[in-house]
Amino acid sequence: MKIMVDCNAAVKEMEVASIAYVADHARIPVMAIKVVTDIVDGDRPSHEEFLENLHAASRSLQDHLPKVVKYIGGKKISDL
């Protein structure tokens, strides 16, 4: 929490962090594509903010994921 406060963070990643941590130790590259559904520890209950933003976040992911796949398709990891 101190790091987030010191850096004035607005969002935090929780789900992929453990996967990336293990992959790093195994020297396996990881790419994650995420969308933001709620602001970090804001004044509003997280579940309410999440439900309000879920549709927009899902739509954003649906719009952008094909572009990411097209961009990375056929490239070596070192080219990314």
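**Salt bridges in a predicted model**

Asp63 counts as partly exposed because its relative accessibility is 34% (buried is under 20% relative accessible area, exposed over 50%, partly exposed in between, with a 1.4 Å probe and protein chains only). The model is predicted: local features need pLDDT of at least 70 and side-chain atom pairs pLDDT 80 or more, while totals for chains, interfaces and linings use all residues. Residues are numbered from 1 along each chain as its sequence is written, and side-chain values use heavy atoms, without hydrogens and water.

The partner of Asp63 is Arg59: the two form a salt bridge, with their closest N and O atoms 3.5 Å apart (the rule asks for a side-chain nitrogen of Lys or Arg within 4 Å of a carboxyl oxygen of Asp or Glu). With a relative accessible area of 43%, Arg59 is partly exposed. Both residues belong to helix 3, four residues apart, or about one turn of the helix (helices are DSSP runs of H or I with at least four residues, numbered from the N terminus).

By this rule there are four salt bridges. Another of them joins the side chains of Lys2 and Asp6, at 2.6 Å from N to O. Because they are four residues apart in helix 1 (residues 2–6), about one helical turn separates Lys2 from Asp6. Lys2 and Asp6 are both exposed.

Glu15 and Lys34 also form a salt bridge, their closest N and O atoms lying 2.7 Å apart. This pair links distant parts of the chain, 19 residues apart: Glu15 is in the loop between helix 1 and helix 2 (17–25), and Lys34 in the loop between helix 2 and helix 3 (46–72). Glu15 is exposed, at 54% relative accessibility, whereas Lys34, at 38%, is partly exposed. A network of salt bridges links Glu13, Glu15 and Lys34.

Key. Helix = DSSP H or I, 4+ residues; strand = E, 2+ residues; numbered from the N terminus.
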